[in-house]
Amino acid sequence: MSAITVDRFDLALLTELQRDGHITNSALGQKVHLSTSQISRRVQRLEEAHVIERYTAVLDPAVVGLGVTSFTSVTLDRQGETRGDQFEKAVQDMPEIMECFSITGEADYILRIVAPDLAAFSEFMMTRLLRLPGVTNVKSNITMKQIKHSHVLPLDHVTQPAQSRQRIKFSS
């Protein structure tokens, strides 16, 4: 993939879109001090470059009846491409698993799991997750209170000197 160059207007635009993906181009233009047509062109360019991956509505889990969130570490019986591939494919089909990361350390994966209540979480663990081939160890931490939850990625680092793996470049 080729690099994309952004300026301070693009960064402001990206920050505002992360806060409100439903904002109109007109309102966005007022916030970042550009015309609606400039906003439209810039957004299209950022979408085509896959800087903007997608737009989505963020729901409140508690409001929709998902009162339990767990961060669960999973260890597989053996390291290997086949076993890991099987596990990764299986978690794709489990809507309760909101996020899955391959990690370093004592476990192989960390999952963010949501459920209506502890009984539903327990049932999910016992009947689905623990029955996946290769799962040998699972440790869960149930959240008590959400302190911070954000989808807004920090972008200040983009204005710093380019890093070798960075696909986005800043132009002042």
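Residues are numbered from 1 along each chain as its sequence is written, and side-chain values use heavy atoms, with hydrogens and water left out. Because the model is predicted, local features need pLDDT of at least 70 and side-chain atom pairs count only at pLDDT 80 or more, while totals for chains, interfaces and linings use all residues. Helices (H or I, at least four residues) and strands (E, at least two) are DSSP runs, numbered from the N terminus.

Two packed helices are described by the angle between their axes and the distance between the axes. Here axes are lines fitted to C-alpha atoms, for helices over the stretch in contact, and angles run from 0 to 180 degrees between N-to-C directions. Helix H2 (residues 25-32) and helix H3 (residues 36-48) have axes that come within 8 Å and cross at roughly 100°. H2 and H3 are therefore roughly perpendicular (65 to 115 degrees). In this pair, Asn-25, Ser-26, Leu-28, Gly-29 and Val-32 of H2 meet Thr-36, Ile-39, Ser-40 and Val-43 of H3. Contact means heavy atoms within 4.5 Å.

H1 packs on H3 at an angle of about 80°, with the axes 11 Å apart. This makes H1 roughly perpendicular to H3. On the H1 side the contact is made by Phe-9, Asp-10, Leu-13, Leu-14 and Leu-17. H3 contributes Ile-39, Arg-42, Val-43, Arg-45 and Leu-46.

Glu-16 lies in helix H1 (residues 8-19). Its relative accessible area is 17%, so Glu-16 is buried. Buried means under 20% relative accessible area, exposed over 50%, and partly exposed in between (1.4 Å probe, protein chains only). Glu-16 touches Leu-28, Lys-31 and Val-32, not counting residues up to four places away in sequence. Glu-16 and Leu-28 are 12 residues apart in sequence, and their C-alpha atoms are 7.3 Å apart in space.

Four strands form an open sheet in the order S3-S4-S2-S5, with antiparallel pairing. Two strands pair if DSSP finds at least two bridges between them. Strand S3 (97-102) and strand S5 (135-142) are the edge strands, each pairing on one side only. Neighbouring strands of this sheet are turned by 20° against each other on average, direction ignored. Strand S2 (residues 68-76) pairs with strand S4 (residues 109-115) over seven bridges. In this pairing Ser-73 stands opposite Ile-110 in S4. S2 also pairs with S5 in the antiparallel sense, over seven bridges. There, Thr-72 has Ser-140 of S5 as its bridge partner. Eight of the nine residues of S2 are buried, so S2 is largely enclosed by the rest of the structure.

Helix H5 (residues 118-129) has four named buried positions: Phe-121, Phe-124, Met-125 and Leu-129. Seen down the axis of H5, these fall within an arc of 95° (taken from the directions from the helix axis to the C-beta atoms), so they line one face of the helix. The face turned away from this buried side carries the exposed residues Ala-119, Glu-123 and Met-126. At the start of H5, a side-chain oxygen of Asp-117 reaches to within 3.2 Å of the backbone nitrogen of Ala-119.

Notes. A polar contact is a pair of N or O atoms within 3.5 Å; within protein, one must be able to donate a hydrogen and the other to accept it, and residues adjacent in sequence count only if both atoms are side-chain atoms. Angles under 35 degrees count as roughly parallel, over 145 as roughly antiparallel, 65 to 115 as roughly perpendicular and the rest as oblique.
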